[in-house]
Amino acid sequence: MTALRKNSSEALYVQLVEALIQLIGDQYAPGDKILSEREICETYGVSRTTVRQALTELLNMGYIYKRHGLGTFVADRQSHRKNLAESYSFTEGMKKIGKTPSSQILDFALEPANYLLGRQLDLLPDEKLYRIDRLRLADGDPMMVERTYLPARAFPGLTADLLEKKPLYEVFRQNYNQEISVANEEITAALMTKLEAEVLGTNPNNPCLKIERLSYNLADEIIEFTISTARADQFSYHLSFQGQ
């Protein structure tokens with residue numbers, strides 16, 4: 001165990017962060033539960049305030065994640081990566097890295113498009129769209145929350161029950177003969193809202209990735225607009241280019 005230097009000019013919580021990173025690397029694997037706040041206090045002889053500062057730093061750095069009522073766990077900082085040069089499906093992406101993907105439908109509605117959504121999806125005034133809120137999980141761990149808008153004319157008779165049984169893009173292909181030819185994504189860094197944090201089992205104002213996706217079918221029609229909030233401690237994006 002790394003001893004903390006209480007007479008050092010370096011803040012105790014910074015020293016504790018370094019000590020816990022070393023402990024995680026030496027003794028824990030991704031998904032393992034780490035010491036509780038009380039156990040860390042007793043092990044390193046520091047106050048609970050210092051422990052909470054250190055854990056907040058580790059959370060923001062992506063070393064740990066919290067599950068409400070269960071404790072703090074070691075994050076897999078390498079596995080949840082997405083290559084921006086490739087088309088992407090959350091379901092297929094998680095399967096490729098050995099994770100079991102799942103989704104929970106949080107809300108499902110058929111409603112008239114407002115002015116802004118109508119422009120985004122190229123809809124006529126008051127044309128109907130589906131609004132679908134989903135929680136995406138990998139091995140049961142919350143990864144991202146998504147709000148998807150679909151033009152009703154492209155997916156007549158769509159139900160929440162169908163989406164509970166099949167991945168969205170599988171429904172596109174198998175039930176509606178809709179293939180995505182082009183998808184444009186815009187990614188920004190942001191802080192989680194209180195509601196997003198509650199759904200994802202983390203803390204408000206933690207960093208996250210905001211992803212807006214606009215998908216076109218083979219006829220160059222917009223068939224999907226999705227806004228995703230992904231946990232920054234569990235999800236990362238990388239670019240891969242090949243030289244000419």
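Me: How many bridges join β7 to strand β8?
Reply: This is a predicted model, in which local features need pLDDT of at least 70, side-chain atom pairs count only at pLDDT 80 or more, and totals for chains, interfaces and linings use all residues. Residues are numbered from 1 along each chain as its sequence is written, and side-chain values use heavy atoms, with hydrogens and water left out. Strands are DSSP runs of E with at least two residues, helices are runs of H or I with at least four, and both are numbered from the N terminus; two strands pair if DSSP finds at least two bridges between them. Strand β8 covers residues 207-217 and runs antiparallel to β7, and the number of bridges joining them is 11.

Me: Which are the edge strands of the open sheet?
Reply: The sheet has 6 strands with antiparallel pairing, in the order β4-β5-β6-β9-β8-β7. An edge strand pairs on one side only, and the edge strands here are β4 (101-112) and β7 (180-191).

Me: What angle does the direction of helix α7 make with that of β9?
Reply: Helix α7, residues 168-176, packs on the sheet and touches β5, β6, β7, β8 and β9; contact means heavy atoms within 4.5 Å. Axes are lines fitted to C-alpha atoms, for helices over the stretch in contact, and angles run from 0 to 180 degrees between N-to-C directions. With β9 (222-231), the angle is about 165°.

Me: Is Gly-45 buried, partly exposed or exposed?
Reply: Gly-45 is found in the loop between α2 (37-44) and α3 (48-61). Buried means under 20% relative accessible area, exposed over 50%, and partly exposed in between, with a 1.4 Å probe and protein chains only. Gly-45 has a relative accessible area of 39%, so Gly-45 is partly exposed.

Me: How far apart in space are Gly-45 and Lys-6, C-alpha to C-alpha?
Reply: Not counting residues up to four places away in sequence, Gly-45 touches Lys-6 and Ile-40. Gly-45 and Lys-6 are 39 residues apart in sequence, and their C-alpha to C-alpha separation in space is 9.8 Å.

Me: What value is phi of Asp-220 near?
Reply: Most residues other than glycine have a negative phi. Asp-220 is found in the loop between β8 and β9 and counts as exposed at 58% relative accessibility. Phi of Asp-220 is positive, near 65°.
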